[in-house]
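Here is a short report on one protein model. Please look at the sequence and the structure before reading on.

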Amino acid sequence: MVNVDFQAVLEQIADEVGALPGRGRSADYIPALAGVDPHRFGMAFADVDGQVHGVGEWQVPFSVQSITKVFSLALVLAKDGAGLWESVGREPSGNPFNSLVQLEYENGIPRNPFINAGALVVTDRLQSLTGDAGEEVLAFLRAESGNPELGFDLEVAASETAHGDRNAALAHFMASYGNIRHPVPTLLANYFRQCSIEMSCADLALAAGFLARHGVRADGSRLLTRSEAKQINAVMMTCGTYDAAGEFAYRVGLPGKSGVGGGIVAVVPGRGTLCVWSPGLDERGNSVAGVAALDRFTTLTGLSVF
């Protein structure tokens with residue numbers, strides 16, 4: 001096993017990222033996120049034993065957005081097994097994350113659980129299994145991160161609700177095919193609350209540790225089988241960064257999931273998990289500095305799945 005001074009690596013990356021000339025722009029289609037400085041930066045690595053290294057604003061909470069899709073997917077697989085895959089696919093979409101195009105000619109079955117349509121199906125299923133999908137995700141994140149103070153950002157949730165027409169359209173369209181079981185307003189309320197959760201890089205790196213431990217939670221109990229953990233990591237690799245997953249795999253070489261709040265979580269199976277945050281996004285919705293930082297991490301350490 002390669003010995004790595006993770007703190008030194010993170011500090012080198014922070015210095016290099018600070019010199020990047022273009023940092024993208026914050027997500028302006030969600031008003032509550034539009035005003036966040038795109039040049040902010042934090043990064044953390046949590047090993048499989050829970051030791052965390054960090055640099056920059058690695059303990060500053062931010063809106064995790066689509067990164068929560070990883071956790072809702074894990075909870076549904078843990079509670080309901082492979083039955084979910086009858087309602088959502090596992091293939092890259094090749095289209096923007098909020099696209100309606102494919103749903104029509106694929107009979108209301110989303111391509112994967114990480115585009116918005118697929119995440120709505122997963123949240124709908126989690127609502128059926130638990131009665132409160134948003135609270136279930138929050139409770140899981142509190143437990144795995146060890147931070148009981150995590151919560152919803154109600155301002156962000158309200159902002160997304162007020163500008164959520166496309167997500168409503170996706171949900172109604174899938175409901176017309178029988179692929180949504182709950183009233184659309186109930187589903188959207190849970191989905192937007194889930195996406196509004198605020199966490200730091202340290203929180204997220206710790207919370208995603210079960211994927212590096214092949215399905216084992218922070219307390220040593222098993223959430224997923226090794227096979228299920230492998231499946232989530234595989235879908236993260238192929239679908240986790242919207243329609244830029246191929247480029248992300250090429251540059252970074254790790255399973256990853258991004259969010260339009262500027263965060264990206266990445267998994268080094270058997271070693272640990274990374275989270276990087278910088279709100280400036282590229283045209284596909286991924287953090288410019290975040291992808292660059294993860295690229296440098298795998299280059300400097302030699303840690304990737306390839």
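## Basis of the model

This is a predicted model, in which local features need pLDDT of at least 70, side-chain atom pairs count only at pLDDT 80 or more, and totals for chains, interfaces and linings use all residues. Residues are numbered from 1 along each chain as its sequence is written, and side-chain values use heavy atoms, with hydrogens and water left out.

## Annotated binding site

An unreviewed UniProt entry gives the feature "binding site" at Ser66, Asn116, Glu160, Asn167, Tyr191, Tyr242 and Val260. UniProt positions follow the numbering used here, feature names are shortened, and annotations may be inferred rather than shown by experiment.

Ser66 lies in the loop between strand 3 (62-63) and helix 3 (68-80). Helices (H or I, at least four residues) and strands (E, at least two) are DSSP runs, numbered from the N terminus. Ser66 has a relative accessible area of 8%, so it is buried. Buried means under 20% relative accessible area, exposed over 50%, and partly exposed in between (1.4 Å probe, protein chains only). Beyond its neighbours within four places in sequence, Ser66 contacts Tyr242, Lys257, Ser258 and Gly259. Contact means heavy atoms within 4.5 Å. Val260 sits in the loop between strand 6 (256-258) and strand 7 (263-268). Val260 is buried too; its relative accessible area is 4%.

## Helix 8

Which residues of helix 8 are buried? They are Asn167, Ala168, Leu170, Ala171 and Met174. These residues cover an arc of only 160° around the axis, so they lie on the same side of helix 8. The arc is that of the directions from the helix axis to the C-beta atoms. An α-helix has 3.6 residues a turn, so residues three or four places apart point the same way.

The buried residues of helix 8 pack against helix 4 (101-105), helix 5 (116-130) and helix 9 (184-195). On the other side of helix 8, Asp165 and Ser176 are exposed. Gly178 follows helix 8 and has a positive phi, near 80°.

## Nonpolar cores

A nonpolar core is a set of buried Ala, Val, Leu, Ile, Met, Phe, Trp, Tyr and Cys residues joined through side-chain atoms within 4.5 Å. The largest has 62 residues. Phe71, Leu204 and Ile232 have the most contacts inside it. Helix 3 gives the most to this core, with seven residues.

A second, separate core has 24 residues, including Leu10, Val55, Phe248 and Ala266.
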